[in-house]
Amino acid sequence: MSRVPPAAVALLLSVALFFLAGLVQPNFVNAAQAINIVRLAAFLGIIAAGQTLVIISGGEGIDLSVGAVVTLGAILTFMISGGSSERLWLALLVVLAVGAAIGLVNGLGIVFVRIPPLVMTLGMAGVVQGTILAVTRGNIPGGVPRALANLVTGRFLGVPGAIYLWALLGLLMWFVLQRTRYGRELFAVGVNRRTAALSGVNVSGVVVLTYTLSGLLAALGGLLLLGFTQRVFLTLGETYLFPSIAAVVVGGTVLAGGRGSYFGTMAGALVLTMTESLLRSMRIGEAYQMIVFGAILVVLLSVYGRQRERE
Amino acid sequence: MRPSSAWLRNHTYLVPLVLLVVAVALNYYFQPNFFQPRVLNGNLRVMLPLMVLAAGQALVIIAGGIDLSVGAMVSLVNVLLVTLVTRESGPPEVLLAVGAALLVGAAAGAVNGLCVAYLRLQPIVTTYATSFLFSGVALAVLPRPGGALPRALTTFYRSAPLGVPATAYGIALLLLLWVVLRRTRFVQYLYAVGGNAAAARASGVRVAFTRFLSYVTMGLFAALSAMMLTLSTGSGNSRLGDAMTLPSIVAVVLGGTRLAGGQGGVVGAVIGVAVLTIIRNLITFSNVPTWYQTLFDAVVILLALAGPGIVQLIRGRRA
Amino acid sequence: MPDRDPPASTPEPLLSARGIAKRYGAVRALEEASLSVRAGEVVALLGANGSGKSTLGKIITGITRPDAGTLTFDGAPLHLSEPAQARRRGITAVYQELSLVPDLSVAENVWLGHEPVRRGGIDRRTMKGRTAELLASFAGVFSVPVEPDTLVDSLPPSERQLVEVVKALAWRPRLLVLDEATASLDARQVDRLFELVRGWREGGMAVVFVSHRMNEIFRVADRAVVLRNGVTVGERRIGEVDEQELVQLMTGGGAVAAIALEGHDAPGAAAAPPGATEAPVVLELRRFASGVVAPLDLTLRQGELVGVGGLQGQGQSRLLLALFGAVPHQGEVRLEGAPVAFRNPRQALRAGVAYVPGDRNREGLLPVRPILENLQLPNWRRYGTPLRMERARRDAAAVVADLDVRLASLDEPVANLSGGNAQKVVIGKWLSRRPKLLLLDDPTKGVDVNAKAELYRLLARLQAQGTTILFHSSDDAELLGLCQRVLVMQDGRVTATLEGDTLDQRHLVAAAMGAQGAGAA
């Protein structure tokens, strides 16, 4: 086991990739481009926040409903606010509540009905997508509140708001994981649920709360994403689903649970976004972009995504 | 009561079988011509490729893995087939294409197996990553949908020799293949490795090799599935298989196979596919407004998956 | 450097290991170990934990490769790189940690890795038939029916252990390593196993027997080989040696070693109860029952150390778990006079009950997490939000110092600690809570003699501070040496409560076996 934390490896890697890109594409390396990539990574990073918690919680924890919930968050914001900045607060409240409620149902199903997380959240993704279709019938009226667009894309000191928001979320996640009882107990639950329970940890409570937070964070991600995309469509969040898992894993959080950090996920999001941007800037065909992206993912995983043999 | 004999373990498909009977009965109610050969054949044609794919997925899941690249593998083999075969191709070209398809399927599976079994990468993310590789290659091979098969082949796939649909023979062959495979040490070791890898290793089972083989076998099943699918569609599309990945997993779980591995079987997966397909049929025929169909579909599947757990929950409360 | 060579008149050994050394990182597991076994001989391999006996066992059976030394088997050099190779040469082991696949049947497990094959497929009929024959040697001692088709998942630990033995036999070994193979067996099963071992010996099989139980060694072994700190320090014929001498060899004459194995005839020798009869009642049970545990009454006073004994797996662990609220239970429980009904460990914890599980790795520790987190897991609530980490760290450091846990840093994973130190962490997480009632489930299992002695001292100290302790142990000497009162359980029933004159080995064994007139009820 290397002493270097995976989060640092991922961060170094993304920086290295950036300058490597400079060799291939000299006009790639400049501050604007760097900021642009971090901004793109911010959305993936925000959406992957809940995924990080879920994966740390172990028990084959995974949340495949984040994509659908992101879409729902964006659509709800779009519809409720109707483009009015005054109604953004209402939209925020509803979005958070709905996201949390979906996560809560996931958590309850997983903990009390004992449905495997992969299956439960996959089913939930279908239900959420189905609900969106049934309610909107493909016709989504509404608008993007100016305040939201300003918040996400507006620049302060040359840096877009999304990046500040992401940094803020990073601090918040660090606080939750390292400086709250929930965070400490989450790691314990991820390593060994029986030990945790026999040490007085409310394991069911921690797991349910984790999926609830995941739903809430995904919905919030959808709201913020709307400020960036400025439009909604039914597959808006889906494209973030597997990258959100990949970002967590590339960031060194172990899929078996019990170990990891959100800083790692942030670095993972940077690596993934960097790779994608690099490939796009090289103007090679879509087919080869996919091949190279897949190959890079495999290489990244083999560098530090190895799982320990279960004893 | 805990099932104490191996019998129930070997017959995990009984619950999904009941589900299937109910689904068929309902379908028959809404669609009285369900059992007419033409309708039945149409249904089976849709089911067969996914059944073959789910059978492979079941083997991987039994061994404790999972494969999210199966759809991409199907796409890859599909574009390969339509590239090697044209409407005018004769038997030699077709045979060559079949051989190439199996080879490519096995090779793709070997890539997954290598990563998961020997490099010990996490299966979910790894096979997700390799799905990009396979999709990318598929897109490079066939950038635009197209291609065609000799008419004789597609006609054969739709035919009904001796009054039984050709696809029904396919399903029978698939089940027969499972009966044969179940007798092999390889499949026995899949269960052992998925159930307790450390114990299997201590007993002299080559754990990594068994895992590797499970993915290679998956690749072969994906190639077979792609052949069926190509016979059904008669053309190629580099995204053709994408939508099959998640259903293949849902079908396996629906068929009573535990995602954690070590238990379950192909029969359940095959039944799972039938249940999934019939549920879709039902939704179409039961006059559910179009916009609600996706929701309905998802809720029914979620309930089917959650069913055993809910039953246990209620039982647990009573005890 | 054996200090006395075994008699040289006997024939060439079947297996001989000379000068075996093995390191795991910085830890030297074996330095200069040697062992030889002849066909038709049962050799006991003895040593305290950390002496390297399990490493030596693993080297013989091909699980681990030695760094140095020579192995010969049947006159030819033996180079093993995996267990399968050892088995092909005729060397098989029965391990303490079970090597069974729960989802497979008994027959499938027994033949896993060498299934009989007919016409390219597994011959299930032959497989089942031969399994049935092998199971027949344990007929009559199974506590539940065991058939070739039975799922291993449905078997209790003792039957799994027997299946494990059958599995080893299916390989037709010439050398069988029994590594703590009796750990989860009941008395009848051990008797049967020993009968069989004697039969195998007659048939020319060589057996290496690893056990912590001195009496078993004297019952079944011909010769004892003693390891200490990775070195073979002596070999003795069983007929020419007594327990004291073997203990002396194992411990190198260290004073702490004796407590567990001595004290057979020293009832209540440990710290006297501080006013046992006048002290206030802490725990009172009326018709308390849970699962296999039949209704029982019990009164514990402050500062008492009460033992729970009997053969292993008679419901002792279940009793403790039920008291901790981890499993459902019925009956009346009063804690310091107030009725309580714990539905989960959290409630028990809040009421001042603490529990130290028997299976340290599965129930007590978070191996990959830092020691700090392991120590503070039950206690984070006390540090508010945000967690006051400095205080948590200080408190943890105090516990570590108090228990003399040897560690590099509070931030290192607890998996880096040795068994004894890890066990201290498991106990340590409760100490800062000053529990009223401490439940201990066989805490000295797999712990070396020094750590045991330290644990005994800790218990005495807690007792003196007024903590009430309910202490289950599978080590009779420990119970007799430490406790003022011992409940003996058999099949979930308390068959005797031993104290005063009846608190001795004879009564304990008699009660555990359910013999007549076993003791004061």
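**Helix packing, sheets and interfaces**

Tutor: Helix α4 (residues 70–84) of chain B packs against α11(B) at an angle of about 55 degrees, the two axes lying 8 Å apart, and that makes α4(B) oblique to α11(B). Please keep in mind throughout that this is a predicted model.

Student: What is the handedness of the crossing of α4(B) and α11(B), and how do the residues of their contact divide by class?

Tutor: The crossing of α4(B) and α11(B) is right-handed. On the α4(B) side the contact includes Val70(B), Met73(B) and Val77(B), and these and others meet residues of α11(B) that include Met218(B), Ala222(B) and Leu229(B). By class, the residues of the contact of α4(B) with α11(B) divide into 12 nonpolar, four polar and no charged.

Student: Helix α11 (residues 207–233) of chain B also packs with helix α3 (residues 37–62) of chain B; why are α3(B) and α11(B) described as roughly antiparallel?

Tutor: The angle between α3(B) and α11(B) is about 175 degrees, with their axes 8 Å apart. Angles over 145 degrees count as roughly antiparallel, and therefore the orientation of α3(B) relative to α11(B) is roughly antiparallel.

Student: Which peptide bond is cis, with omega near -5 degrees?

Tutor: The residue to look for is Pro386(C), which is found in the loop between α13 (371–376) and α14 of chain C. The cis bond, with omega near -5 degrees, is the one from Thr385(C) to Pro386(C).

Student: Which strands form the edges of the open sheet of six strands in chain C?

Tutor: The order in this sheet is β18-β19-β20-β15-β21-β22 (chain C), with mixed pairing, and the twist averages 20 degrees from one strand to the next. Within the sheet, strand β21 (residues 485–490) of chain C pairs with β22(C) in the antiparallel sense over six bridges, and Met489(C) stands opposite Val494(C) in β22(C). Each edge strand pairs on one side only, and the two edge strands are β18 (353–356) and β22 (493–499) of chain C.

Student: Which residue takes a positive phi near 55 degrees in the hairpin of β13(C) and β14(C)?

Tutor: Strand β13 (residues 281–290) of chain C and strand β14 (residues 293–301) of chain C run antiparallel and are joined by six bridges, with Arg301(C) in β14(C) as the bridge partner of Val281(C). The hairpin has two residues between the strands, and the residue with the positive phi near 55 degrees is Gly291(C).

Student: Where is Arg114(A) placed in chain A?

Tutor: Phi of Arg114(A) is near 60 degrees, a positive value in a residue other than glycine. Its place is in the loop between α4 (88–112) and α5 (117–136) of chain A.

Student: Which helix supplies the largest share of the side of chain B that touches chain A?

Tutor: In this interface 39 residues of chain B are in contact with 40 residues of chain A. By class, the side of chain B that touches chain A has 29 nonpolar, eight polar and two charged residues. The largest share of that side, 14 residues, comes from α14(B).

Student: And which helix gives the most to the side of chain A that touches chain C?

Tutor: Here 20 residues of chain A are in contact with 22 residues of chain C. The side of chain A that touches chain C has seven nonpolar, seven polar and six charged residues. With six residues, the helix that gives the most to this side is α8(A).

Key. Residues numbered from 1 in each chain as written. Chains lettered and ligands numbered in written order. Predicted model: local features only at pLDDT ≥ 70, side-chain atom pairs only at ≥ 80, totals over all residues. Contact = placed C-beta atoms within 7 Å. Helix = DSSP H or I, 4+ residues; strand = E, 2+ residues; numbered from the N terminus. Nonpolar A, V, L, I, M, F, W, Y, C, P; charged D, E, K, R; others polar. Pairing = 2+ DSSP bridges. Axes fitted to C-alpha atoms, helices over the stretch in contact; angles between N-to-C directions. Parallel < 35°, antiparallel > 145°, perpendicular 65-115°, else oblique. Left-handed = near helix turned anticlockwise from the far one by under 90°.
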